[in-house]
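Hi everyone, thanks for making the time. I'd like to walk you through one model today, so please have a look at it before I start.

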Amino acid sequence: MKAIRDALVIAWVNGWIAAVRGWVWVLANAATPLSFLAILGVYGGVDGLRWGLAGGLVWTVASNGISLIGDAAYYRLAIRYQSMLVAAPVSPAGYALGLALSSFVFSLPSLAVYAAAALWLGVNLLAPQAAYAFVMLWLASAGVGFTLSSLVKHMRYAWSLPQILSTVFTVAAPVYYSATLLPSPYLGLLLPTGAAAVIIQEAAGLANYGLGAPAAAALAAQSALGLYSLFKLARWREP
């Protein structure tokens, strides 16, 4: 319970207050997925918009965790915020989840726009299996993001690494396109974004791969691996 309370306090200070005072970062957070949505709408019409909505939601949730690389490394290396919390009664899990929730706060306006557009176009993104995919994807990406941030030794890498990972997680996985375009649809389950996208695309009626159970199992394993790396591999104290 204390870790959850720590996470909520950090999310309030680092997420809500920061988003209200720096609204331009909220717009920056929404720029890339909305750009993809616009392009798909222009070239794909209504069907393109539906695929863009599903992909944009996956991209937005995953980017919350991946962006932890830059944020957590900045707090640790540049302003020594993490060192201050190490001396305080704050757990590593509370700190990591608090930073992940902070990123989630920044993306709330984008998610609201996506949800409204999905309702308007009749895309069912509120199914239980879709909610499962979003939660598991958030945990997996947050675990990977915070663990990698603890291994970064210079800020120049902290800002470039999330961009590279975002591209790999979005383009290499069937986030904005059908998994049937891959040599095997099962290849789409190798990354958490792909496994989540397969579940969401099936829940939304965009595709019928018949991969719901394997995708759910793959995403659960990837989430467990992400949390394991967060708790066991991430460096909390500087040597």
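Let me start with a question: which residues in helix 3 are buried? They are L68, I69, G70, A72, A73, Y75 and R76, where buried means under 20% relative accessible area, exposed means over 50%, and partly exposed is in between, using a 1.4 Å probe and protein chains only. Helices here are DSSP runs of H or I with at least four residues, numbered from the N terminus.

Before going on, a word on the source: this is a predicted model, with residues numbered from 1 along each chain as its sequence is written. Local features need pLDDT of at least 70 and side-chain atom pairs count only at pLDDT 80 or more, while totals for chains, interfaces and linings use all residues, and side-chain values use heavy atoms, with hydrogens and water left out.

Back to helix 3. What covers its buried residues? The cover includes helix 1, helix 2, helix 4 (81-86), helix 5, helix 6 and helix 7, with contact taken as heavy atoms within 4.5 Å. Just after helix 3, R80 takes a positive phi of about 55 degrees.

Now to the aromatic rings. Rings of Phe, Tyr and Trp (for Trp, its six-membered ring) pair if their centres lie within 6.5 Å; planes under 30 degrees apart count as stacked, over 60 as edge-to-face, and the rest as tilted. By that rule there are four aromatic pairs. One of them joins Y74 and W159, and this pair is tilted, at 6.3 Å centre to centre with 40 degrees between the planes. The pair links distant parts of the chain, since Y74 belongs to helix 3 (residues 68-78) and W159 to helix 7 (residues 155-172), 85 residues apart.

The charged end of R156 sits over the ring of Y157, 5.8 Å from its centre; the rule here asks for NZ of Lys or CZ of Arg within 6 Å of the ring centre and within 35 degrees of the ring normal.

On to the pockets. We work on a 1 Å grid over the protein atoms alone, and a pocket is an open set of points where a 1.4 Å probe fits, with protein on both sides within 12 Å along at least five of seven lines; lining residues have an atom within 4 Å of a point. Grid points are joined across faces, edges and corners, and a volume is the space filled by probe spheres set on the points.

How much space lies in the largest pocket? About 860 Å³. Its lining has 24 residues, and W25, N29, S67, D71 and W159 lie nearest the centre. By class, the lining has eleven nonpolar, twelve polar and one charged residues. In that scheme Ala, Val, Leu, Ile, Met, Phe, Trp, Tyr, Cys and Pro are nonpolar, Asp, Glu, Lys and Arg are charged, and the others, Gly among them, are polar.

The second largest pocket holds about 320 Å³ of space. Of the 17 residues lining this pocket, L57, V61, L111, L125 and F134 are the closest to its centre. Helix 2, helix 5 and helix 6 each supply at least two lining residues, and helix 5 has the largest share, with six. Which classes make up this lining? It divides into 16 nonpolar, one polar and no charged residues.

Last stop, helix 6 (residues 128-151), where A133 is found. A133 is buried, with a relative accessible area of 0%. Leaving out residues up to four places away in sequence, A133 touches A196, I199, I200 and L219. A133 and A195 are 62 residues apart in sequence, yet 8.0 Å apart in space, C-alpha to C-alpha.

A130 is in helix 6 too, and A130 is buried, again at 0% relative accessible area. With neighbours within four places in sequence set aside, A130 is in contact with L125, I200 and A203.

Y132 also has its place in helix 6, but Y132 counts as partly exposed, at 30% relative accessibility.
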